[in-house]
Every structure is written in structure tokens, then in C-alpha cells.
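Here are my notes on the model you sent.

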Amino acid sequence: MNIYVANINWKTRSESLEALFAQYGEVTSAHIITDRETGRSRGFGFVEMPDDEQGQKAIDAVNGAEFEGKVLTVNVARPREERPRNDFGGYNRGGYNRRRY
């Protein structure tokens, strides 16, 4: 089960997140998402647990709990959506086409 964890303290490390969820069962991986440019935590991450029953137990226990000074929001992760790409090779963010000819 892939678990989404939001409102993580910026100082929290993946190891401590893994230890938190390991109290409820086996953890395959724990990863906090960081900003590409600064390397700073973006305040959310993902925890992978192989057993769905243990994963749901962890979600129920940790959702709304305080961890390292922040109240966590925890739920089952949704699959990532594919976003259409624009003509520039990046993601379409709307606005006017500013291409000059």
C-alpha cells in the first residue's frame, strides 16, 4: 500500500518517518519529497507498506497525530495523473502563447 503523508515538518528526515510507520508493520520505503533546486523538503512524502491491513492500521493511527511539531494528514496515495505537455516540452500552465516568430 502506498501512503501519502502531508504537513511534514521541514526538518523531518525519511528515517524518522519510516520509524513512525514501522510501529504498525513492515515498511518497504519512506521518502520525503524535496525541491529540485533547493533540496529543501516540500512538506509531504510517501510511505510504502507491503501489507494493506497494516497500512490501513498505520493510516488510522497516524492521521491527525502530532509528529515532530506538526499534525500529519495521512491517506492512501492516489496514482499520479499524466498531465498534457505543451509545445515547449513542459507542462501546459495556461496563459497566452508568447512565442515570437
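**Notes on the predicted model**

1. Methionine 49 is buried, because its relative accessible area is 0% and the cut-off for buried is under 20%. This is a predicted model, and the points below should be read with that in mind.

2. As for its place in the chain, methionine 49 sits in the loop that links E3 to H2. Which residues surround methionine 49, leaving aside its neighbours within four places in sequence? The contacts are Met1, Ile3, Phe21, Tyr24, Gly25, Glu26, Val27, Thr28, Gln54, Gly55 and Ala58.

3. Alanine 30 is 19 residues away from methionine 49 in sequence. In space, the C-alpha to C-alpha separation of methionine 49 and alanine 30 is 9.0 Å.

4. The sheet is open and has four strands, in the order E2-E3-E1-E6, with antiparallel pairing. Its edges are strand E2 (29-34) and strand E6 (73-76), each of which pairs on one side only. From one strand to the next, the twist averages 20°.

5. Strand E1 (residues 2-6) is joined to E6 by four bridges in the antiparallel sense. Within this part of the sheet, isoleucine 3 is opposite valine 76 of E6. Isoleucine 3 is also one of the residues in contact with methionine 49.

6. Two helices need a comment. Helix H2 (residues 52-62) packs on the sheet, where it touches E1 and E6, and its direction is at about 155° to that of E6. Helix H1 (residues 14-22) lies across E1, E2, strand E3 (41-48) and E6, and runs at about 140° to E2.

Definitions and conventions:
Residues are numbered from 1 along each chain as its sequence is written. This is a predicted model: local features need pLDDT of at least 70, side-chain atom pairs count only at pLDDT 80 or more; totals for chains, interfaces and linings use all residues. Side-chain values use heavy atoms; hydrogens and water are left out. Two strands pair if DSSP finds at least two bridges between them. Axes are lines fitted to C-alpha atoms, for helices over the stretch in contact, and angles run from 0 to 180 degrees between N-to-C directions. Contact means heavy atoms within 4.5 Å. Buried means under 20% relative accessible area, exposed over 50%, partly exposed in between (1.4 Å probe, protein chains only).
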